[in-house]
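Please look over the sequence and the model before reading on.

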Amino acid sequence: MVRVSTDAAGRTWAGNYAYRAATLYRPGSVAELQEVVAAAPRVRALGSRHSFNDVADSDALVSLDALPDLVELDAHARTVRVGGGTRYGALAARLHAAGWALHNLASLPHIAVAGAVATATHGSGDRSGNLASAVRGLELVRSDGELVTLGPDDADLAGAVVGLGALGVVVALTLEVEPTYEVAQEVRTGLPWDAVLENLDEITGSADSVSLFTDWRGDAVGQVWRKTRVAAGAPRDVRHFGAPPAQREMHPLSGVDPRFTTAQRGVPGPWHERLPHFRMEFTPSNGDEIQSEYLVPREHAPDALRAVRAMADRVAPLLLVSEVRTVASDDLWLSTASGRESVALHFTWAPRQADVEALLPDLEAALAPFDARPHWGKVFADRDRDLARLYPRMADFRALTERMDPRGALRNDYLARHVLA
């Protein structure tokens, strides 16, 4: 087992938050991990660092990147057992090679499975749940060092999947898989805002995954990315609502080289090479953005979009780009889509932390009437409003935390502010 200073952990993916942990552990086995967790007064798991706040911070951190590789496919059960520290891109390539696939992927394939699941990270699609909705089992090390397995029939599983690291260090997950498939991606430009507000359901339902990229200004959305599963010989829907097809490959950010984005122009390809926005072999730049995101019930989405557009003169100067996408409902207790079909309003900000933090309270106030749930792993300013009212099972989750971590070793400042207050 290697023990190093927190300089090895450093900062989050974007560099906007520096971990305060005094120690970073890299155990080489589950047994070593159990020893570390049981002995540490306060400890949290550190994944791919693709968070923008202190959700993963504590006095000590433990990384899973030195644990043995784990990808075990069970074709009969249609599941795969995967190590918590595995990146989605690596998992997807191995699944596809074996003839299998996941139901969805996030826009970046570089994120670790356990961290993405624990924060309800998602892709896009009216009929596609977030990444956590594919979980059929968890294996985690509790704060007493015991390795606990939760299976599909375990009453605690729905509470533990989106666990925010509060219940244990997730060493393995069992995910549902399906036969591999192809996807074609096309980009359209100049979709009128009037069409979006009047036909949002039809637009987001026109493909398996639809993303609208905008800066909230003007009369039109900048880009519409549509990802469609391709069945052999089946015609693809080409509804466009007045938005012409892009004449070249596009990047979501204006003026940025599109060669690192996944292939467009309607060319079919493997699911894992189209569902993300960016290629696995491309490592996104670090330190040049901050992210926030809010999920609202689908029925409130048009009004929520109007509310943000009314703030465009304040939002746009801090913005690199916004993305609007949809997420199907699920029954996971702390999922941001729990119990409701959702529309996600994503903001990729310029690296101006103080200015963004000054704006967020007003942005959140504008979205508050629509019961907006902030993404757990991104920057939000919600310290004055109890998030428990947005999650009917919050009390149950708090009770589960008490049972799983009675000594409080997995708690941190983030959980104290937002979840366990």
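Among contacts in the protein chain between residues at least 6 apart in sequence, what percentage join residues at least 24 apart? The share is 73%, for contacts between residues at least 6 apart in the protein chain, where contact means heavy atoms within 4.5 Å.

This is a predicted model, in which local features need pLDDT of at least 70 and side-chain atom pairs count only at pLDDT 80 or more, while totals for chains, interfaces and linings use all residues. Residues are numbered from 1 along each chain as its sequence is written, and side-chain values use heavy atoms, with hydrogens and water left out.

The protein chain holds ten helices and 19 strands, which are DSSP runs numbered from the N terminus (helices are H or I, at least four residues; strands are E, at least two). Its C-alpha trace spans about 60 × 50 × 40 Å along the principal axes, and of the 421 residues 58% count as buried, that is, under 20% relative accessible area with a 1.4 Å probe, protein chains only.

Two packed helices are described by the angle between their axes and the distance between the axes. Helix 5 (residues 193–204) packs with helix 6 (residues 301–309) at an angle of about 155 degrees, their axes lying 9 Å apart; axes are lines fitted to C-alpha atoms over the stretch in contact, and angles run from 0 to 180 degrees between N-to-C directions. Helix 5 is therefore roughly antiparallel to helix 6, a term for angles over 145 degrees. In this pairing, W193, V196, L197 and L200 of helix 5 meet A301, P302, L305, R306 and R309 of helix 6.

Technical notes
Parallel < 35°, antiparallel > 145°, perpendicular 65-115°, else oblique. Buried < 20%, exposed > 50% of the residue type's maximum accessible area, 1.4 Å probe, protein only.
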